[in-house]
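I opened the model to look up ring pairs, salt bridges and the nonpolar core. My entries follow.

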Amino acid sequence: NGVPSVLFTLRSSRLKNYQGEVSFPGGKQDRTDRDVVHTALRETEEELGIPPSAVDVWGPLKPMPQTVLKPTSVVAVLGNVGEVDLTKLKLSPREVSAV
């Protein structure tokens, strides 16, 4: 519909941590990831089926500080994927319940 939107996921109830939470696509950085941008692109493809080539990466935001409840650092990476047909996304049922 041409209206700028933010794409959130509902984390699967099958996950070990943070199940059922609303989040951006993403996850832990693998040793093979070059940087946080690579991690975000890899995770977006794994969770939603959006290939890295379809994402115009704008860049990472400032890391969110760790807390007692969330002892890992979180870095949001912003990008534009243009219009998304939600019915054509390939959700990973192991990780995502809905978008």
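**Notebook: charges, rings, core**

I started with Asp-30, which is partly exposed at a relative accessible area of 36%. My scale: buried is under 20% relative accessible area, exposed is over 50%, and partly exposed lies in between, with a 1.4 Å probe and protein chains only. This is a predicted model, where local features need pLDDT of at least 70, side-chain atom pairs count only at pLDDT 80 or more, and totals for chains, interfaces and linings use all residues. Residues are numbered from 1 along each chain as its sequence is written, and side-chain values use heavy atoms, with hydrogens and water left out.

**Salt bridges**

I searched the whole structure and got 5 salt bridges. The criterion is a side-chain nitrogen of Lys or Arg within 4 Å of a carboxyl oxygen of Asp or Glu. Asp-30 pairs with Arg-42 at 3.4 Å, N to O. Asp-30 sits in the loop between β2 and α1 and Arg-42 in helix α1, so this bridge ties together parts 12 residues apart in sequence. I took helices (H or I, at least four residues) and strands (E, at least two) as DSSP runs, numbered from the N terminus.

Which other partners does Arg-42 have in salt bridges? I found Asp-33 at 2.8 Å, N to O. I also found Glu-46 at 3.0 Å, N to O. Arg-42 and Glu-46 both lie in helix α1, 4 residues apart, about one turn of the helix.

I then checked accessibility. Arg-42 is buried at 15%. Asp-33 is buried too, at 7%. Glu-46 is partly exposed at 37%. Asp-30, Asp-33, Arg-42, Glu-43 and Glu-46 are linked in a salt-bridge network.

**Aromatic rings**

My search of the whole structure gave 1 aromatic pair. Phe-8 and Phe-24 are stacked, 5.1 Å centre to centre with 25 degrees between the planes. Phe-8 is in the segment before β1 (9-11) and Phe-24 in the loop between β2 (22-23) and α1 (36-48), 16 residues apart. The rule: rings of Phe, Tyr and Trp (its six-membered ring) pair with centres within 6.5 Å; planes under 30 degrees apart are stacked, over 60 edge-to-face, the rest tilted. Phe-8 is partly exposed at 39%. Phe-24 is partly exposed at 48%.

**Core**

Which residues make up the largest nonpolar core? I listed 6: Val-37, Leu-41, Leu-48, Ile-50, Val-55 and Leu-89. A core here is a set of buried Ala, Val, Leu, Ile, Met, Phe, Trp, Tyr and Cys residues joined through side-chain atoms within 4.5 Å. Leaving aside neighbours within four places in sequence, Leu-41 is in contact (heavy atoms within 4.5 Å) with Pro-52, Val-55 and Val-57.
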